[in-house]
Amino acid sequence: VTKCCTYFLNILDKCIHQPTALASGNDMLTDDEKEQLVFRFNGESSFYSKDKTIPRLLEEQETKIPDRTALVGVDGLTCQSYRQLNIEANQLAGMLRDKGFKRGELAVIIMERSPHMAAAVLGILKAGGAYVPMEPFLPELRLKKLLQALNINYIFTTLSTQAKVEAISQKLPSAVHLLCLEHEWRQRLRPTAAGNPPP
């Protein structure tokens, strides 16, 4: 209650002393709180290993804290532990390699932000490739031109964008492996691919 009163008084004070200011410009936080939120909590300096890849850092987290939450979906309901995320990434890397994916090759991700997207990114990196994220709301012609220019053979998508991506991929000159990461498509992942692939 005390905090709410302080915030209310801050806004009231600004309204009195700056009556022509926009309401959206009024800040209810105190100067100390702004300092803490902007600078102390968001300090830019942080130590991280410069000789380890992102997949390697994930594998280390899985070893240390396998059952802790690694990702939470935008809906706030979907979540994955470090173990689940690493297993799914390993399975996707194995599936890509089984389909002939080569080191240094590009794979496109056309989907909304979700834990599936993170697993796709990690799976591509673990397979030795590079990922190209594309926004699913882009017009079909724009997506088609981008895919043609990059000569893409592998596209990750989800059920919500599958029909659009499928229609585009059928118009491309080369055969494209379309990999949907939800429901029945996930059953095709190799259960034996759960182990970390060699770097």
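Helix α3 (residues 54–64) supplies four residues to the lining of the largest pocket, the most of any element. Helices and strands here are DSSP runs, H or I of at least four residues and E of at least two, numbered from the N terminus. The model is predicted, so local features need pLDDT of at least 70 and side-chain atom pairs count only at pLDDT 80 or more, while totals for chains, interfaces and linings use all residues. Residues are numbered from 1 along each chain as its sequence is written, and side-chain values use heavy atoms, without hydrogens and water.

The pocket holds about 340 Å³ of space. A pocket is an open set of points on a 1 Å grid over the protein atoms alone, where a 1.4 Å probe fits, with protein on both sides within 12 Å along at least five of seven lines; lining residues have an atom within 4 Å of a point. Among the 14 lining residues, Thr53, Leu125, Lys126, Pro198 and Pro199 are the closest to the centre. Besides α3, helix α5 also gives two or more residues to this lining.

Helix α5 (residues 115–126) also belongs to a right-handed β-α-β unit with β3 and β4. Right-handed means that, with the strands pointing away from the viewer, the path from the first strand over the helix to the second runs clockwise. Strands β3 (residues 106–110) and β4 (residues 130–134) run parallel and are joined by five bridges; pairing requires at least two bridges found by DSSP. Ile110 has Met134 in β4 as its bridge partner.

Ile109 contacts (heavy atoms within 4.5 Å) residues beyond its neighbours within four places in sequence, including Val121, Ile124, Val132 and Phe156.

Notes: Grid points are joined across faces, edges and corners, and a volume is the space filled by probe spheres set on the points.
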